[in-house]
Amino acid sequence: MSDSTPREGLDRRRFLQVLGVTGAGAAVVSGCSTQKVEKLIPYLVQSEDQVPGLSTWYASTCTECSAGCGLHVRTREGRAIKLEGNPEHPVNAGKLCAHGQSALQGLYNPDRLTGPKARQADGSFKDITWDDALALLVQKLQGAGGKLAVINGANRGTFSDLLAAWTAAQGGKVVAYQPFSAEPIRQASQQVFGLNEVPVFDFAKAKYIVSFGADFLDGAWVSPVEAQLGFAEAHGFRNGEMAKHVSFSPRMGLTGMNADEWLAPRPGSEAAIVLAMANVLLAERSGNPADANALRGALAAHTPEKAQEASGINAEVIKRVAREFASASPSLAVAGGIPAQHRGAAELCAAVHLLNYIAGNVGTTVRYGADQDAGGDGYAALLALVDGFGGGATSVAIVHEANPAYAMPKKADFAGKFAKVPFKVSTSLYLDETAALCDLLLPNLHALERWDDARSRKGVSNLLQPVMEPVFPGMATGDLLLKTAQKLGGPLAQFSAPSYEAHLKAQWLKAVGSEDAWRAALAKGGVYGEAPAAPVKLAAGAASAVAFSAPAFDGPEGEDAFWLMPSPSVLGDGRFANRPWMLELPDPVTRITWHAWVEIHPDTAKEMNVREGEILRLESPHGTIEAPAYVFPGIHPRVVSVPMGFGHTSYGRFATGSGVNVLDLVDGAAAGSFLPYFGTRVKVIKTMNWKKVAKTEGTTRQLGRGIVNWLTLDQAKRGLTPLEALAEEGHGEHEVNTEREVEAIKGFDEAQREKRKYGAYANENPMWGMVIDLGRCTGCSACVTACYAENNIPFVGESEVLRGREMSWMRIERYWEGGEEGEPLQARVLPMLCQHCDNAPCEPVCPVYAAYHTPDGLNGQVYNRCVGTRYCGNNCPYKVRYFNWLAYNQKAFPAPLNLQLNPDVTVRARGVMEKCTFCVQRIRGAQHQARLEDRKLRDGDVVTACAQACPSGAITFGDMTDPEAQVTKAGADSRGYHVLDLLNVRPAVTYLAKVVHRTEA
């Protein structure tokens, strides 16, 4: 870059060009030209919250979905660089999903709007000042005559209350809407119990879990981190016990992958199975709730045999699952979510409510009274508002934190109806599809830049505070509302607070009572308490829920027609599609990145002669899309599935033009109060074109290598090791080595352990190690994103993924088991990272000693010594060393994304090998802190980024020489093993074999 190029700030290179600073603002010339001098302004009055080189932490709240997880935000020199879960928060208990981690890339996104814009006569946008923007908005509102419509995508809280009151004062109407709402669950609660709310599902207490299309482990369900924490507690093997999990769903999503038994019913038939199970419970068991016995007659007709006719699931299997469900108390059944959101979704959720009530789960694993934020008023309310846009009913429309032009099916014609509104306003931070249709753009501040709060449920009130100065000069929408109110006057004069911060504080002072309580809540991140329990009994109309009729699916019928299932992806409802971390994060099920795909069953693919990568055209009455095929065994043979979140036509450089929008195939009409995503059939047509699928999936089968070991519950209870379990199953060790070779290896191993007592290892150094419990790991990939955020890992893009050049230091391996010759299909997942081998094969082959062993057992890597021979990568049996083929660091962090970089970690240049370091910067930081405090390092002082984020608590890290450390105790479990142990590389990562609740015939 030329020195004459204008620069917005002082980057590291320019800083180093200036050799010193003396006095206030003085600079020393670098080189021989005074043109290179820039003035550095030192701290004259240093902020008490900011100390150069030290982190400052702020409590806040995640707004990436409606769950309202608590955050701790790490800042350095006034910029947020890492998000962690708040350990005190009752929802996420210190954990954070991949979407929450990626909020930094929303904050520093290079495609954020830098200020207000107004549409010109030629259709283009022009930058205007905030004063001019405010004057234009006031002018249009004055002439609206109460014909104001607002679409609000924000979570419940003080802002949403203010927006509703501000709109009502002008005679307008607000509809709160989020695409992934829990509307069918809430609608069913009203029908069965007379309670218009979404209950809290306590997975941790359940001893038996049955899900009916509810993919509760992905990011599209009610509270994904809370569900994953609870599921890991229940389903993770501990003290000889674990819950069993059965999943009924036409597609094996992340939840189905973690099930002990996955069953694929005919789409839309799940309610028949639920009612048959309820019938079995009432008929065969005593002690049912008294009012539930009144349902015996209505349920008598819903037999397992009739459920078999409707679903294709064997009646004996339904009976067995029902009896197991009844015998395990408390148990839990869940429904709702995109994979079961067909036109019968509310009926399915109502049947599940009845099943839980009959089983005695309501009040234990299903609790009412918390009134969780379900994501708004529902799709039907939005549709009614949009349908009223024409005919002069609306003069001004405001869209806040929503993108209905993308998230609504094209058949709903939002763009056409929206165009009839004379003046349209968007507060989006980005030029998304809806913002591109507007006349005035008033970008809000990011959640990490503004004051706000969120009421995710009763008893939990969350606060947000600005943790840094705005990346771009802007105005929070709350301040915008107050300023317009002051200018408009009249009914709006009631909103007289000088700023939204003052308004928020005034509302909180009414609740908490004092300034000290307000400051305490701010420091903690909110006020956390228990939600009041609501008494639950069957409503008068509950008996109407005892009914099943196959839901209607629009579209073609016949042998060439398939049910279309839009499936949740790492991109959510599309809001994460312009974040490189999310685009490059492999789908947890298929391992595909950067583009959309069509999942098709192997039998169907064989019948149609379809191979992976072949472009398929899907046609419905509502539209057509094309995407490459992915042959996937975890799907019903008559179902095809396409991930959601792709296919943006406007949003940013990363999202636009990537993949296709599956909603183009879906009908835009509502079913009750919700959108039936899974309500269409399509024709599948081969185009005779082909595209290589960008995926990180390797060999899909373990081929007897024992990478992901597993035991049955009985074997785990008896304390068998993975090798003993394999021998018991009749699978002995492979004869890799001869008897004399085995003896030699054993002798070498013992000799190496003896030598290890000498040299640097004889000092009082820790020996860092990690234990990963595969019984708790779900493969959600939160650890992967946390590693990207902590360690400045660059994204490489689709073209490089196709070459196998992904840079992720941590990856999730996924292998299939069974699925052939009548065997049930199961998935096995394993996080793979540098194993920090004690006898590391990468170290002796490095010609420049860039790979070396530290005194505390880490496999170190000296970047500025590495010359890129890649010998170490060739010699690594785990393939966890990654080579910087290109200058990824230059393209992966376009300004202002470079502000997210962790200053404690080197940004690697082209031509070096890099890999997991066990977050060595965190280790050294904890050691320095302990030395300053004149104490020894305590267990738990060092937590790696992956362990800290893991929503299932599967990762434990610590000093293996400490007998009292959690990592030492965990590693002593009989389930412990090392991957490829026969190689004698002695990894520092111990895996605990997965435990499976096997179904006995």
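Predicted model: local features only at pLDDT ≥ 70, side-chain atom pairs only at ≥ 80, totals over all residues.
Residues are numbered from 1 along each chain as its sequence is written, and side-chain values use heavy atoms, with hydrogens and water left out.

Let's begin with the sheet. Helices (H or I, at least four residues) and strands (E, at least two) are DSSP runs, numbered from the N terminus, and two strands pair if DSSP finds at least two bridges between them. Here four strands with parallel pairing make an open sheet, in the order β11-β10-β9-β12. At the edges are β11 (261-263) and β12 (332-335), each pairing on one side only. From one strand to the next, the twist averages 15 degrees.

For the record, axes are lines fitted to C-alpha atoms, for helices over the stretch in contact, and angles run from 0 to 180 degrees between N-to-C directions.

Buried means under 20% relative accessible area, exposed over 50%, and partly exposed in between (1.4 Å probe, protein chains only). In α19 (residues 515-524), the buried residues include W518, A521 and L522. Seen down the axis of α19, its buried residues fall within an arc of 100 degrees, so they line one face of the helix; the arc is that of the directions from the helix axis to the C-beta atoms. D516, R519 and A523 are exposed on the face turned away from that buried side. Among the elements covering the buried residues of α19 are β1 (56-61), β18 (460-464), α18 (500-512) and β19 (526-528). After α19 comes G525, with a positive phi near 105 degrees.

Helix α11 (residues 304-311) has P304, A307 and S311 buried. Down the axis of α11, the buried residues fall within an arc of 55 degrees, so they line one face of the helix. K306 and E309 are exposed on the other side of α11. The cover over its buried residues includes α9 (270-284) and α12 (315-327). G312 follows α11, and its phi is positive, near 85 degrees.

On to the interior. A nonpolar core is a set of buried Ala, Val, Leu, Ile, Met, Phe, Trp, Tyr and Cys residues joined through side-chain atoms within 4.5 Å. The largest has 175 residues, and L618, M770 and I955 are among those with the most contacts inside it. Another core, of 75 residues, lies apart from it and has I273, V334, V352 and A542 among its members. Strand β34 (residues 955-959) has four of its five residues buried, and it pairs antiparallel with β27 (residues 768-773) over five bridges. In that pairing, G769 has G958 as its bridge partner.

How many disulfides are there? The count comes to zero, where a disulfide is a pair of cysteine sulfur atoms within 2.5 Å. The sulfur of C842 has its closest cysteine sulfur in C872, 6.3 Å away, too far for a bond. For C946, the closest is in C919, at 6.2 Å, again too far for a bond.

C837 lies in the loop between β29 (826-832) and β30 (851-853) and is buried, at 7% relative accessibility. C837 and V985 are 148 residues apart in sequence but 5.6 Å apart in space, C-alpha to C-alpha. Beyond its neighbours within four places in sequence, C837 is in contact (heavy atoms within 4.5 Å) with H853, Y878, V985, R986 and P987.

Last, the backbone. Most residues other than glycine have a negative phi, and most peptide bonds are trans. K879, however, has a positive phi near 55 degrees, and L980 has one of about 55 degrees. K879 is partly exposed, at 44% relative accessible area, and L980 is partly exposed at 27%. The peptide bond from A895 to P896 is cis too, with omega near 5 degrees.
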